[in-house]
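Please read them with the coordinates open.

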Amino acid sequence: MPALACVDAAAPPPGYVFAWDGALPAPGTFPGDTPTTAGGVTADRPSNWSTDLSASLYRIEGWGAPYFCVNSDGDIAVRPHGAATLAHQEIDLMKVVKKATDPKSAGGLGLRLPLLVRLPDVLKHRLESLQQAFDFAIRSNVYGSRYQGVYPVKCNQDRYIVEDVVEFGAPFRFGLEAGSKAELLLAMSCLTRGSPDAFLICNGYKDEEYIALALFARSMDLNTVIVLEQEEELDTVVDTSQRLGVRPVIGLRAKLRTKHYGHFGSTSGEKGKFGLTTAQILSVARKLQRLDMLDCLQLLHFHIGSQIPTTSLLSDGVGEAAQIYCELARLGAAMRVIDIGGGLGIDYDGSHSDASDMSVGYGLDEYAGAVVRAVMFACDRKRVRHPIICSESGRALVSHQSVLIFEAVSSNATRAAPLSSVGPNPALFLDELADDAGSDYNNLMAAAYRGEYETCAVYANQLKQRCIDHFKDGVLGLEHLAAVDGLCDLVAEELGVADPVRTYHINLSLFASMPDFWAIGQLFPVVPIHHLDQQPGVKGILSDLTCDSDGKVDRFIGGQSSLPLHEIKGGEYYLGMFLGGAYQEALGGLHNLFGGPSVVRVAQSDGPHCFAVTLAVPGRSCADTLRAMRHEPEAMIAALGHRAGECAAGDAVLCAIARAFDSMPYLVRGAEVEEEVRESMMRCLGL
């Protein structure tokens with residue numbers, strides 16, 4: 001690189017600046033520069049793109065199998081019955097979106113995005129797969145009892161999901177777990193239609209009212225177990241049961257020494273939030289013995305933590321708990337159930353790795369086998385009858401059963417804006433730069449003319465910073481600053497140092513629909529659900545509608561800081577967030593008063609599109625979100641109507657305002673708005 005001191009003496013040819021058309025005068029392309037697309041992704045990839053390459057790029061086989069794939073049309077398809085799904089049974093998500101969002105006059109449902117697609121067939125397959133894994137492990141190891149799971153309703157309390165679990169799980173005695181009074185009421189109601197042997201596990205902090213509800217459930221022949229989280233809960237259980245005349249079935253939650261060191265293991269170990277220590281367990285057993293109620297103690301519960309990464313950690317925890325179970329049996333308790341809690345993880349990033357919280361290093365069969373062998377080993381050594389094995393695997397059951405679909409409505413431009421936007425001759429504004437800024441500009445142009453490209457970058461950065469300072473001091477006008485910005489962006493683009501990552505603006509609230517991403521850094525697979533037969537040419541991050549700098553998705557599975565995306569070319573561009581069926585709906589807030597998405601429940605059928613929509617629910621309206629914050633939409637409309645009357649604004653204005661209260665807070669396409677406004681106006685005018 002030539003010395004910068006020598007550059008001052010160089011000057012472009014006479015008349016060069018005024019004839020400039022906005023292109024750098026360097027002959028040819030810059031050395032080492034490779035052709036790029038508008039988004040900065042190199043364009044020298046194979047042009048013969050395929051759906052298989054897209055599936056590999058987005059790791060769909062890793063995190064999506066056996067439920068999600070790319071079909072021959074380049075769309076994401078759902079395999080509702082897992083690997084057993086036949087080709088004609090696959091559900092094309094783009095067809096679901098079209099059915100949901102098309103106007104009713106065109107045979108659609110008239111719903112707005114974002115859209116949550118529920119897949120009950122996938123939920124059924126997940127439940128059956130879990131049961132089959134334990135059944136296989138029990139048969140293979142000649143285990144002397146059975147598996148009988150429960151679904152922890154805290155993972156997703158949606159009515160139809162809970163009812164589905166009870167219905168699909170009835171042949172397997174599958175039950176429910178509750179952690180609050182509201183959840184207990186929900187579980188009691190749903191289990192009236194379930195198997196009479198299904199467990200109703202009552203966890204969480206308990207007061208007398210909670211315990212009374214659990215005892216009422218037992219009096220109604222629901223197989224209810226009250227699990228003590230703290231030693232002092234025993235007195236309330238004993239007193240309430242004696243007062244109501246209902247003999248309880250009691251479980252204990254043990255505070256194990258086994259520690260899960262991942263993010264989700266904070267409730268495990270000796271300092272965990274819940275559970276009884278060994279001394280407290282002994283104290284409870286002895287007190288029950290004195291009360292002649294030791295036969296009521298029948299279940300031992302523990303929880304290592306969510307997303308248990310390895311079967312070795314699982315075996316260690318289960319083995320420790322099984323020893324406690326055997327000791328309680330030795331002390332005379334009528335033990336019959338060991339509840340291993342949650343922790344069955346899912347593979348969010350498709351890596352099948354135990355090195356992060358986003359994946360696990362085992363499958364369902366390995367998980368079930370490790371549990372059965374650990375319990376069996378401890379019980380056989382102590383000559384204790386094999387207990388019923390219960391698990392509370394919520395995340396593993398419901399994560400796959402829903403897909404959140406949202407639209408990218410625009411993206412920011414990463415190519416340099418045309419200099420013509422500044423004026424008919426942008427070089428005039430640049431030629432007016434004086435003093436040090438003018439010198440930097442002349443040096444930049446001279447270096448470009450000589451092909452000294454690294455020197456160009458130095459002078460471009462220096463010029464931009466000087467002009468920013470001059471603008472702040474009131475020396476430069478807006479046109480001058482815009483011309484300098486355009487020139488420096490052009491230099492950065494030609495040199496290949498411009499930021500290649502584009503921001504895609506999505507019609508979604510991250511806080512309402514992906515709260516765990518913001519709160520705890522949980523990653524979910526995010527993938528375009530169409531155009532997957534085309535090569536993506538843009539690196540992108542996603543920015544939501546909220547007025548918050550945290551409302552963006554800039555971390556993706558596989559450790560990536562951007563997502564390969566396609567250009568938005570005047571049409572719809574839809575993306576899906578997968579594996580988000582657990583926790584996100586209950587945790588989602590109302591930041592900026594954006595509510596939840598529209599919901600469709602889609603079942604596989606033999607119709608022309610391979611699916612039937614069995615339930616369609618519009619998303620929360622503006623009025624709904626306002627009511628949630630204790631505003632009164634009716635009073636607000638009345639106040640606005642009074643003001644409209646005072647200002648002679650007319651009925652049409654008030655009608656449009658009233659219509660806005662019934663609208664979802666999310667963005668609506670112009671044509672949809674025009675149609676709705678037209679219909680609203682006609683109704684207001686009585687036409």
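1. Basis. This is a predicted model, in which local features need pLDDT of at least 70 and side-chain atom pairs count only at pLDDT 80 or more, while totals for chains, interfaces and linings use all residues. Residues are numbered from 1 along each chain as its sequence is written, and side-chain values use heavy atoms, with hydrogens and water left out.

2. Overall make-up. The chain has 23 helices and 21 strands; these are DSSP runs numbered from the N terminus, helices being H or I of at least four residues and strands E of at least two. Of the 687 residues in the chain, 51% are buried. Here buried means under 20% relative accessible area, exposed means over 50%, and partly exposed is in between, with a 1.4 Å probe and protein chains only. Among contacts in the chain with a separation of 6 or more, 75% are between residues 24 or more positions apart; a contact means heavy atoms within 4.5 Å.

3. Helices α5 and α6. Helix α5 (residues 159-169) packs on helix α6 (residues 181-191) at an angle of about 40°, and their axes are 10 Å apart. The axes are lines fitted to C-alpha atoms, for helices over the stretch in contact, and angles run from 0 to 180 degrees between N-to-C directions. At that angle α5 is oblique to α6. Angles under 35 degrees count as roughly parallel, over 145 as roughly antiparallel, 65 to 115 as roughly perpendicular, and the rest as oblique. Val162, Glu163 and Val166 of α5 make the contact with Leu186, Cys190 and Leu191 of α6. By class, this contact of α5 with α6 has five nonpolar, no polar and one charged residues. Ala, Val, Leu, Ile, Met, Phe, Trp, Tyr, Cys and Pro count as nonpolar, Asp, Glu, Lys and Arg as charged, and the others, Gly among them, as polar.

4. Helices α6 and α7. α6 also packs with helix α7 (residues 208-219), at an angle of about 10° and with axes 10 Å apart. That angle makes α6 roughly parallel to α7. On the α6 side the residues are Lys181, Leu184, Leu185 and Met188, and they meet Glu209, Tyr210, Leu213, Ala214 and Ala217 in α7. The contact of α6 with α7 divides into seven nonpolar, no polar and two charged residues.

5. Helices α7 and α8. Between α7 and helix α8 (residues 233-244) the angle is about 50°, with the axes 9 Å apart. α7 and α8 are therefore oblique to each other, and α7 passes α8 in a right-handed crossing. α7 contributes Glu208, Ile211, Ala212, Leu215 and Phe216, and α8 contributes Glu233, Thr236, Val237, Thr240, Ser241, Arg243 and Leu244. By class, the contact of α7 with α8 has six nonpolar, three polar and three charged residues.

6. Cis peptide bonds. Alanine 65 and proline 66 are joined by a cis peptide bond with omega about 0°. Proline 66 sits in the loop between α2 (60-64) and β1 (68-70). The bond from leucine 113 to proline 114 is cis, with omega near 0°, and proline 114 is in the loop between α3 (93-101) and β4 (115-118).

7. Positive phi. Arginine 173, in the loop between α5 and β6 (175-178), has a phi near 60°, a positive value in a residue other than glycine. Its relative accessibility is 31%, so arginine 173 counts as partly exposed. Leucine 579 has a phi near 65°, again positive in a residue other than glycine. This leucine 579 lies in the loop between β19 (574-577) and α19 (584-587) and is buried, with a relative accessible area of 1%.

8. Cysteines. How many disulfides are there? The count comes to zero disulfides, a disulfide being a pair of cysteine sulfur atoms within 2.5 Å. Cysteine 69 counts as buried at 10% relative accessibility, whereas cysteine 647 counts as exposed at 54%.

9. Aspartate 380. This residue, aspartate 380, is in helix α11 (residues 364-382) and is partly exposed, with a relative accessible area of 41%. Aspartate 380 and cysteine 326 are 54 residues apart along the chain, and their C-alpha atoms are separated by 9.7 Å.

Definitions and conventions. A crossing is left-handed if the near helix is turned anticlockwise from the far one by less than a right angle, and right-handed if clockwise.
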